[in-house]
Amino acid sequence: MGIFSMLSNCAEYQAQPLTDQKIQQQLPPPSIEQLTIQAQNINHPLLQPVKFDLKDGLSPDEAAILAVLRNPELRAIRNQNAISNAQLLQAGLLPNPQISYSFSAPSGGTDLGMNNAFGIGLSWEVTSLIWQTSKIAAAEKQQQSVDLQIAWQEWQIAQAAKLATYQLIAYNQQQSLLTEMALRLKENSERLQQAASLGLVTELERVAAVSAKNLVDIRLLALEQQQKQQQQRLNRALGLKPYATVRLQQAIQLANHIRLPAYVHLISNIEGRRLDLLALKQGYESQEEQVHIAVLQQFPKISIGFNHALDNSNLYTMGFGIAMTLPIFDHNQGQIALERATRAQLFDQYSNRIFQARADIAELLVTISSTNQQIQSVAHAIPDLEKLVKAYRSAIETGQVDVLNYYVAWNTLTNKKIDFLSLKLQLTQARVALEIASGLYRIPTDFQGQVL
């Protein structure tokens with residue numbers, strides 16, 4: 001009865017076939033109301049809750065949160081948490097005791113009338129208690145490492161979604177400028193075409209105007225292709241359908257300047273701030289326990305037990321027994337060497353990751369400093385070009401300058417504005433990379449100077 005009672009507590013197999021119906025049930029996005037609640041209650045070491053409202057369009061911060069809530073890749077990664085929980089549960093379980101039963105009946109000889117004999121034994125490996133604490137500690141450290149690894153993946157995908165949103169904003173603004181330039185060049189080309197038919201301009205001038213228009217059309221097509229690709233990347237990060245269109249907030253601006261923090265400040269306590277470093281540290285400490293377990297397991301395994309028996313002469317006996325392995329050939333040296341090598345590998349990975357983080361921060365600071373200077377230079381040049389275009393416009397009205405020179409100045413101004421947007425996008429990309437490298441939620445930015 002006792003055995004059946006124990007078996008009734010065992011888990012039962014339940015099939016979960018991979019069907020299209022179950023997959024389709026997993027793919028549809030939650031409602032806006034559900035997303036709003038989840039965004040306000042998000043629990044993450046770095047990401048902060050936001051007020052989720054798509055009525056005015058998607059902001060970069062909302063895109064970051066939405067990616068964490070909706071990205072299908074993250075749903076698969078989070079299953080590692082359930083695996084680590086199961087491993088922790090398994091680590092806390094002691095080995096089962098062993099029960100044995102034997103039976104023998106007389107089958108020959110002179111004592112055919114003697115009784116049947118039987119024996120019952122119960123034994124348990126007591127040495128499992130020696131490394132039980134280390135097994136639980138290793139599993140707990142591994143669980144913490146997995147949790148931090150998941151949070152690090154969430155942080156990276158959130159930052160990627162935020163950056164993709166900024167890129168789309170920059171591309172949309174550049175498209176507006178290029179579209180305006182293409183319309184002006186089309187008008188200029190048509191004017192020169194008419195002037196060439198009247199013999200007022202040379203064929204070279206007409207061909208140059210047509211060529212300039214064609215080049216802008218090519219740039220516009222290439223930019224539109226970049227927009228489509230970036231939209232698909234954003235849709236993938238947000239867990240949306242491939243051809244879904246996301247409306248972005250119109251008032252989002254790209255920063256003109258980043259206030260550079262000191263290098264010493266950025267690398268200070270980076271190992272206690274970057275989630276991947278924290279995960280590696282917990283993984284190393286878990287492996288430290290595994291080495292301890294392997295060393296403890298080199299000693300003989302001892303089992304103790306009790307037995308009760310009846311022999312053929314109808315004599316009952318009760319006894320106590322000890323079983324012990326003899327470590328003559330296997331001292332667990334192979335497992336010890338493996339665990340120590342794994343520990344050394346994790347140590348080197350941790351050290352290298354810290355070195356790479358510091359090097360990335362130093363390189364990004366140089367990039368940001370250079371981009372800040374380039375943006376400042378372009379920002380100072382734009383007002384002068386605007387004054388020149390305005391002067392040409394006034395001169396055209398009095399007939400003091402040719403229309404072609406006016407269009408050239410106008411196009412130069414537009415190209416400079418496009419360069420300005422490209423530099424601000426580069427600055428945004430460097431800022432996001434610095435946030436990831438330093439483990440900081442946000443790097444201070446300014447919106448001073450020329451704003452497009």
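Trainee: How many bridges join strand β4 to β5?
Mentor: This is a predicted model, where local features need pLDDT of at least 70, side-chain atom pairs count only at pLDDT 80 or more, and totals for chains, interfaces and linings use all residues. Residues are numbered from 1 along each chain as its sequence is written, and side-chain values use heavy atoms, with hydrogens and water left out. Strands (E, at least two residues) and helices (H or I, at least four) are DSSP runs numbered from the N terminus, and two strands pair if DSSP finds at least two bridges between them. Strand β4 (residues 302-310) runs antiparallel to β5, and the number of bridges joining them is 9.

Trainee: Which residue in the turn of the β4-β5 hairpin has a positive phi?
Mentor: Within the pairing, S303 stands opposite A323 in β5, and A309 stands opposite T317 in β5. The hairpin has 5 residues between its strands, and the one in the turn with a positive phi, about 65°, is N314.

Trainee: Which residue stands opposite S303 in β4?
Mentor: β4 also pairs with β2, in the antiparallel sense over 8 bridges. Opposite S303 stands E125.

Trainee: Which strands stand at the edges of the sheet?
Mentor: The open sheet has 4 strands in the order β1-β2-β4-β5, with antiparallel pairing. Its twist averages 15° from one strand to the next. Two strands have a single partner each, so one side of each is left without a neighbour in the sheet: β1 and β5 (316-324).

Trainee: Is the aromatic pair of Y101 and F118 stacked or tilted?
Mentor: Rings of Phe, Tyr and Trp (its six-membered ring) pair if their centres lie within 6.5 Å; planes under 30 degrees apart count as stacked, over 60 as edge-to-face and the rest as tilted. By this rule the count comes to 4 aromatic pairs. Y101 and F118 are 6.5 Å apart centre to centre, with 20° between the planes, and the pair is stacked.

Trainee: How many residues apart are Y101 and F118?
Mentor: Y101 lies in strand β1 (residues 98-104) and F118 in strand β2 (residues 117-125), so the pair links distant parts of the chain. The separation is 17 residues.

Trainee: Is Y101 buried or exposed?
Mentor: Buried means under 20% relative accessible area, exposed over 50%, and partly exposed in between (1.4 Å probe, protein chains only). F118, at 21%, counts as partly exposed. Y101 has 55% relative accessibility and therefore counts as exposed.

Trainee: What is the pair of W155 and Y441, stacked or tilted?
Mentor: W155 is buried, as is Y441. The ring centres of W155 and Y441 are 6.5 Å apart and the planes are at 35°, so the pair is tilted.

Trainee: What volume does the largest cavity have?
Mentor: A cavity is a set of points on a 1 Å grid over the protein atoms alone where a 1.4 Å probe fits but cannot get out, and lining residues have an atom within 4 Å of a point. The structure holds 1 cavity of 30 Å³ or more. The lining of the largest cavity includes W155 and Y441. Its volume is about 50 Å³.

How values were computed
Axes fitted to C-alpha atoms, helices over the stretch in contact; angles between N-to-C directions. 1 Å grid on protein atoms, 1.4 Å probe; cavity = no way out; pocket = protein on both sides within 12 Å on 5 of 7 lines; lining within 4 Å. Points joined across faces, edges and corners; volume = space filled by probe spheres on them.
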